[in-house]
Amino acid sequence: MRRLTVLCLFAVIPVFAQPAPGPKDVRIVAKDGQRAIPKLALYLNSPGLDTRLEVVKQLTDIGGKDSLDPLITASHDPDPEMQMRAIDGLVNFYLPGYVRQGPAASIARVGASIKAKFSDTNDQVIDAFVTVRPEVIEAIGKLARGGNGMEVRASACRAAGILRGRAAVPDLVEALRTKDNTVMYESLVAIRKIGDPEAGPRITYLLRDLDDRIQSVAIEAAGLLQAKDGLPSLRSIVASPRGSKAERAALSAIAMMPEPADRALMQRYLTAKDERLRAAAVEGLGRIGDPGDHVAIEKIWKDDDKMPPRLASAFALALGGNLDAAQGSPFRYLINTLNSSAWRETAAAYLVEAARRPTVLAALHSPLETATRDEKIQLARILAVSGDASAVPWLDALSRDSDSAVAQEGLRALRSLRSRL
């Protein structure tokens, strides 16, 4: 009888489960590096949000291809902060260092929601030779379309652009329907970075958006994507602009889609007081390529003392066949401007476009032999985007340059070019 009583007493003693792992446990496991990833992935099922967030942080810090699947899993978490940190972790794999400056780096929680600061600088994009796993773009696209909150959706839009996620373009277009200014802006910038011409007609309805920042990036994207169905709206904006910024953006977009019908419009702006309007007009005439405008373009080149029209006229003359590389020539002026920290991006953009013409591309090769350090670096990037097989030997030579910065850029450009050939 006494034995039975003891057994009964033991039977009613409760059996306690092991406590759920906390952030400290996650950090201890993570010390094993890559080997810890399978166990860390299991912790994504933890009921504690702090634990799950720590898992994402550790996965991002560990990195490596094996971290991608758990980070994709984390992107499915219903918590908005988990979603944003998963996005940053995925981008960080392809663009190391992004996690320290991405939107999730400045998250503040307000109850169940979050607030994040989106910087105005949004020019990051991975190299063309980098291949992103389709599952990563799919996960990010889903969050752009339907993440838990506008901060998440904006962050996903930015990520899709950085990763050149062409497969996410339908999700980015859907994100435009949110009517949230930050989401719309990030989506448009991403569409512009991806550069899929098929997206052009799907954004032209925003050319008249009431938000100046959205209108401006929509106009720019329409021009870059050659969305010619937007030309009537762009011409209307030029005729009756909401402000000088809209007028400049619209004229520049029209200039990027050269139509002989717009030649007279461009000619009228050659004498505009605004130097950027003059530059856009010269660009447009250069692309239209009517020999009758050569004298007017030459006059801008010789007489205008402002940098934007000077560079634009040099570009227009190069398109017209003036490829003399002697000092003081328009073509040499474009190359020399690659040394200017203030204007190199403009000059490089002109040369990227001009180099799509075989004669211009061929003319860019020999200047590499006497180029400065900055010219070599910029010309390598230009050839990576617009070069063909003829540029391979030149980039190969740059990849073995005695200057390590030049050699690194030459190798990167060579990899980018070969990925396209």
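**Ground rules.** I number residues from 1 along each chain as its sequence is written. In this predicted model, local features need pLDDT of at least 70, side-chain atom pairs count only at pLDDT 80 or more, totals for chains, interfaces and linings use all residues, and side-chain values use heavy atoms, with hydrogens and water left out.

**Helix α17.** I looked up α17, residues 307-319. Helices here are DSSP runs (H or I, at least four residues), numbered from the N terminus. α17 reaches 18 Å from its first C-alpha to its last, close to the 18 Å expected; the expected span is 1.5 Å times one less than the number of residues. Twelve of its 13 residues are buried (under 20% relative accessible area, 1.4 Å probe, protein chains only). Among them I noted Pro308, Pro309, Arg310 and Phe315. The cover includes α15, α16, α18, α19 and α20. Just after α17, glycine 321 takes a positive phi of about 110 degrees.

**Proline 70.** I found proline 70 in helix α5, residues 68-75. Proline 70 is buried, at a relative accessible area of 7%. Leaving out residues up to four places away in sequence, proline 70 touches Ile37, Ala41, Leu44 and Leu59 (contact means heavy atoms within 4.5 Å). I also checked asparagine 122: its C-alpha is 27 Å from that of proline 70, 52 residues apart along the chain.

**Helix α21.** I turned to α21, residues 373-386. Its end C-alpha atoms are 20 Å apart, which agrees with the span its 14 residues should have. Ten of the 14 residues are buried, so α21 is largely enclosed by the rest of the structure. Buried residues include Glu375, Lys376 and Ile382. They pack against α18, α19, α20, α22 and α23.

Terms used:
Helices (H or I, at least four residues) and strands (E, at least two) are DSSP runs, numbered from the N terminus. Buried means under 20% relative accessible area, exposed over 50%, partly exposed in between (1.4 Å probe, protein chains only).
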